[in-house]
Amino acid sequence: MSGSFSVVGQRLPRVDAMDQTMGNTRYVDDMTLPGMLVGRHLTSIHAHARILAIDTSRAEALAGVHAVITGADLPITYGILPISQDENALAVGKVRYVGEPVAAVAAVDPEIAEQALALIDVSYEPLDEVLTLEQALDTDHPMLHGDGLGQNLHRSAALEFGDTEEGFARADYVREDVFFFEGNTHAALETHVALASYSQTGKLTLWSSTQVPHYVHRTLEKVLELPAGRIRVIATAIGGGFGGKTDPFSHELTAAKLSMVTGRPVKINLSREEVFYAHRGRHPVLMWVKTGFENNGQITSMHFKTFLDGGAYGSYGVASLYYTGALQTTTYRIPNYRFEGLRVFTNKPACGPKRGHGTPQPRFGLECHLDKAAADLGLDPATIRRRNAVEPFSTTVNHLRITSCALIECIDKVVDASDFAGKHGSLPSGRGVGLAVGAYMSGAGLPIYFNDMPQSEVQIKVDRGGGVTVYSMATDIGQGSTTMLATVIAEALGLEPRDINMVIADTDLTPVDLGSYSSRVTFMAGNAAVTAGAKIRSRVVQAVADELDVDSAQVVAEGGRVGVSGDLDRSVTWAEAVRLAIAATGPLVESGGYTAPKLAGTFRGAGVGISPAYSYSACVVEVDCAVDTGLVKVERVWLAHDIGRALNPLLAEGQVEGGVYMGLGEALYEEHTFRGGLHRGPSLLDYKIPTALDMPPVETFLVESDDPEGPLGAKEVGQGPLLPVIPAVANAIHDALGIRIDEVPITPQKIVAALRNVSRGRPGRIGPETVPDFEFTRLTRVEPPEGFVAP
Amino acid sequence: MHRGAGIGRLMADHILDFDVNGENRRLLVTDQRTLLEVLREDLALTGTKHGCDVGECGACTVLVDDRPVLSCLVIARQVDGSSVRTVEGLATNGAPDLLQDAFAELGAAQCGYCTPGMLLSARALLDDNPKPTTDEIREGLAGNLCRCTGYIKIFEAVELAASRDRDR
């Protein structure tokens with residue numbers, strides 16, 4: 001890949017930045033349609049109960065109420081994964097968590113809608129609640145899904161690659177650790193909103209703040225039993241996602257159904273409290289890890305167990321489960337690896353994907369575990385990581401194909417910039433530095449439902465005035481995907497990103513992109529855009545070459561002109577070039593598609609973790625801890641990220657800074673926890689996310705490894721940078737105070753308790769001691785891939 | 001879990017007469033109508049966002065008589081006779097405020113949902129203190145939550161706007 005670009009690599013603003021700052025960006029809640037009704041959900045007050053009867057007659061009789069629906073009106077189940085079709089838009093038969101939608105009303109205004117909810121009579125028969133992992137493993141609690149008493153197991157996984165026992169046997173040193181990662185949630189500033197409008201022509205339109213219009217489209221088709229071609233889903237501007245708007249949600253289905261019943265548009269805007277209960281956030285994970293090392297720090301074998309508290313429904317849980325075991329091998333050469341994991345159902349809101357999906361929890365455990373091992377082996381934290389770092393263009397023992405990889409360069413960047421070697425173990429008491437690394441997928445290798453179609457398609461249409469319009473279903477959730485597409489296409493056509501008209505995320509107008517999740521958009525939609533852009537450029541260049549009677553190899557598109565480079569006499573304006581191309585070869589419309597290479601092995605679970613490329617990150621965090629209060633002040637963060645190529649460094653830095661911010665919140669403050677079935681603080685006051693006062697300076701280093709399959713060499717940046725932040729904080733606190741808090745969030749209470757333990761002569765550790773004695777069955781033994789070279 | 005459940009329809013109408021972005025507006029509002037509802041629903045000034053409805057997130061920040069307030073907590077009647085400024089009123093004769101340009105240039109908006117409220121808090125800060133230190137900027141924006149940016153590019157944008165203001 002040549003290093004010469006015109007707009008790629010420039011620190012350009014988002015193409016829609018001025019709309020955002022002038023207040024002109026339109027989110028769903030900013031839309032009003034004539035005759036629009038307000039929809040509201042009645043939600044469960046019980047964590048677990050049978051629904052004996054629902055009487056909606058009093059609500060229906062209230063003046064101003066146009067419709068009341070219950071589970072009987074939407075009986076078809078759905079779920080984001082084809083193997084987890086376990087949800088109803090409104091509860092059918094029983095409720096499984098406090099806050100679960102039970103009925104929905106449409107009324108002329110919010111006050112009447114609220115009054116109507118109060119007039120719906122639901123009689124419940126409460127059932128024993130299953131609220132913890134331990135209760136889920138008991139056999140004497142009622143099953144959430146199914147009848148009678150029994151364990152509430154959702155899914156387990158057990159895989160062995162190579163021979164872990166042999167690996168442990170030849171180790172010089174073996175250690176085991178137990179960690180816990182508390183659940184947390186996305187808390188995007190925009191709540192979830194959907195607006196549905198059903199026309200008597202039989203056409204349904206849904207505007208929604210969703211990251212995945214394609215999957216919402218499919219869910220509406222299934223549940224409403226409408227032909228897909230009669231449904232139009234439009235993802236409007238989205239006020240933050242982070243994975244929280246990646247499932248099909250109840251309110252999208254109820255708004256649609258209420259509009260079909262009433263014949264009027266219906267808008268449902270979830271309250272902030274309802275968003276906390278809708279959740280789909282980070283799973284609480286209890287984990288155990290055992291690793292064998294040679295004396296020089298080289299890993300000989302690893303065994304990792306995870307226990308996920310999944311909440312009431314499947315959601316992405318099967319994928320989340322496998323993700324807690326899949327990516328450990330992408331940073332370290334592990335010659336023998338065993339993973340066992342279990343996800344259980346509990347009477348709490350369903351967990352799902354949040355930035356890093358299933359990988360921040362084991363990454364936290366692994367990176368703390370590695371620091372402890374390094375200390376015992378007399379190695380410094382950077383050395384043990386460099387010694388085990390995966391190599392570019394290699395294959396892991398669990399069959400993941402690694403392409404570009406600048407992990408060691410990332411470690412070097414942050415270690416040098418932070419003076420890690422000079423500070424680690426050397427700062428005054430209360431101050432410390434911690435190091436950690438991570439890796440993440442540039443897009444899940446497989447689509448959510450099995451098919452052989454492209455994972456992303458992009459179309460380009462050029463009009464006779466030279467206007468370029470790009471059509472893509474990729475949703476811009478703030479990460480800048482619209483700007484990324486405009487940049488890639490502007491680069492191909494010699495234009496500026498702001499010259500490109502973007503039509504985004506509308507199932508009637510735009511070809512499929514699977515959505516903004518798994519850090520897939522730059523890689524997949526970007527590659528589709530590169531292909532489409534090259535086709536347009538090629539046709540325009542050929543037409544100009546023919547017109548000027550020069551060889552097409554001499555013709556370039558740059559600076560808004562097409563012709564011989566730098567020769568005004570032998571070049572034409574972009575608009576003139578477009579007219580020549582249309583005259584010569586017809587309508588100037590082209591498309592590009594991207595399908596990831598077939599990378600999955602044939603074993604059970606092989607589809608999770610594969611990706612066309614992995615990003616790499618390394619992070620150093622410096623902290624200053626108050627020993628009397630346990631308060632942690634993060635002084636500075638250094639983060640290096642192997643992004644392949646920074647298509648727009650300004651926006652890429654913003655993703656790194658946002659990932660650091662979110663990681664710090666998870667490390668120190670945020671916990672999505674319950675008292676009984678009630679959320680402990682379903683508000684932005686009680687659920688503590690970092691404010692402007694809490695954010696430290698961040699030094700970002702973008703490392704460009706130029707991935708051979710990435711669009712112009714690019715890889716992801718939206719999720720990976722979060723991963724090392726959390727363990728780097730934990731490792732820094734250990735360096736500062738000599739204590740180990742082996743669970744997040746690392747609250748002041750835990751620090752004070754650990755210091756008190758030390759003062760009483762006990763180990764300065766807070767964290768879980770054991771994991772359940774659960775017998776994983778059906779272990780799948782997988783041979784290492786062909787050509788796998790053990791270190 | 002239900003907002004306003006049980007609230008009766010015993011609401012009186014009042015005339016609200018106030019200035020919004022330099023224009024006089026006069027309309028009927030009920031007792032419980034909030035300034036946020038009046039701006040977004042009655043006046044179609046949807047640039048002002050609501051993120052929580054209970055004064056926790058700052059997305060609905062507007063200026064009332066040049067002071068930042070959370071419009072979701074202000075009963076509309078309270079601003080009778082006042083002057084209200086929203087994100088739509090930050091520009092002067094169509095020219096964006098220095099903050100609007102700086103936020104756009106430096107990537108201070110990602111999803112953009114906190115941006116209008118953040119801009120108005122920043123405008124109030126700079127009107128009060130044209131040369132804020134970074135700590136003063138942090139303090140001035142502490143009531144506006146952002147979930148995307150980690151605030152860093154927001155701080156930089158406020159600093160850039162402040163320095164350009166001093167230079168002109």
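This is a predicted model: local features need pLDDT of at least 70, side-chain atom pairs count only at pLDDT 80 or more; totals for chains, interfaces and linings use all residues.

Colleague: OK, so how many residues of strand 13 of chain A are buried?

Modeller: The count is 9 of 9 for strand 13 of chain A, residues 285-293, so that the strand is mostly covered. A:Val285, A:Met287, A:Val289, A:Thr291 and A:Phe293 point one way, while A:Leu286, A:Trp288, A:Lys290 and A:Gly292 point the other way, and all of them are buried.

Colleague: Which strands pair with strand 13 of chain A?

Modeller: Strand 8 of chain A, residues 173-181, pairs with strand 13 of chain A in the antiparallel sense over 9 bridges, and within that pairing A:Val174 has A:Gly292 as its bridge partner. Strand 14 of chain A, residues 299-309, also pairs with strand 13 of chain A in the antiparallel sense, again over 9 bridges, with A:Val289 standing opposite A:Phe304.

Colleague: And what about the hairpin of strands 13 and 14 of chain A, which residue there takes a positive phi?

Modeller: That is A:Gly297, with a phi near 100°, in a hairpin that has 5 residues between the strands.

Colleague: Switching to the open sheet of 7 strands in chain A, what's the order?

Modeller: The order is 3-5-1-12-9-10-11, and the pairing is mixed. Strand 3 (65-70) and strand 11 (231-235) of chain A stand at the edges with a single partner strand each, which means that one side of each has no neighbour in the sheet. On average, and ignoring direction, neighbouring strands here are turned by 20° against each other.

Colleague: How do strand 1 and strand 12 of chain A run, parallel or antiparallel?

Modeller: Strand 1 (residues 37-43) and strand 12 (residues 266-269) of chain A run parallel and are joined by 3 bridges, and A:Val38 has A:Lys267 of strand 12 as its bridge partner. Helix 3 of chain A, residues 110-118, packs on this sheet by touching strands 1, 3 and 5, and its direction makes about 30° with that of strand 1. Helix 7 of chain A, residues 250-262, packs on the sheet as well, touching strands 1, 3, 5, 9, 10 and 12, and its direction makes about 30° with that of strand 9.

Colleague: There's also an open sheet of 3 strands in chain A, which strands are at its edges?

Modeller: In that sheet, ordered 4-2-6 with antiparallel pairing, strand 4 (94-95) and strand 6 (121-126) of chain A are the edge strands, each pairing on one side only. Strand 2 of chain A, residues 49-55, pairs with strand 6 over 6 bridges, and A:Asp55 has A:Asp121 as its bridge partner there.

Colleague: Now the largest nonpolar core, which residues touch the most other members?

Modeller: Those are A:Leu220 and A:Ile733, in a core of 193 residues, to which helix 18 of chain A, residues 725-737, gives the most, with 9 residues. Beyond its neighbours within four places in sequence, A:Ile733 has contacts that include A:Val623, A:Cys625, A:Leu668 and A:Ile751. Another core lies apart from this one, with 51 residues, among them A:Ile489 and A:Phe523.

Colleague: I was also looking at A:Ser519, is that buried or exposed?

Modeller: A:Ser519 counts as buried, because its relative accessibility is 14%, and the cut-off is under 20%. The residue lies in the loop between strand 19 (500-504) and helix 15 (521-548) of chain A. Its side chain is joined to that of A:Glu716 by a polar contact of 2.5 Å, and leaving out residues up to four places away in sequence, A:Ser519 also touches residues including A:Tyr440, A:Met441 and A:Gln719.

Colleague: Last one, what does chain B come to in helices and strands?

Modeller: Chain B has 5 helices and 5 strands, which run β-β-α-β-β-β-α-α-α-α from the N terminus on. Its radius of gyration is 17 Å, which agrees with the value near 15 Å that a compact globule of 168 residues would have. Buried residues make up 53% of the chain, and of the contacts in chain B between residues at least 6 apart in sequence, 55% join residues at least 24 apart.

Key:
Residues are numbered from 1 along each chain as its sequence is written. Chains are lettered from A and ligands numbered from 1 in the order in which they are written. Side-chain values use heavy atoms; hydrogens and water are left out. A nonpolar core is a set of buried Ala, Val, Leu, Ile, Met, Phe, Trp, Tyr and Cys residues joined through side-chain atoms within 4.5 Å. Buried means under 20% relative accessible area, exposed over 50%, partly exposed in between (1.4 Å probe, protein chains only). Helices (H or I, at least four residues) and strands (E, at least two) are DSSP runs, numbered from the N terminus. Contact means heavy atoms within 4.5 Å. A polar contact is a pair of N or O atoms within 3.5 Å; within protein, one must be able to donate a hydrogen and the other to accept it, and residues adjacent in sequence count only if both atoms are side-chain atoms. Two strands pair if DSSP finds at least two bridges between them. Axes are lines fitted to C-alpha atoms, for helices over the stretch in contact, and angles run from 0 to 180 degrees between N-to-C directions. The radius of gyration is taken over C-alpha atoms; the globule rule is 2.2 Å times the number of residues to the power 0.38.
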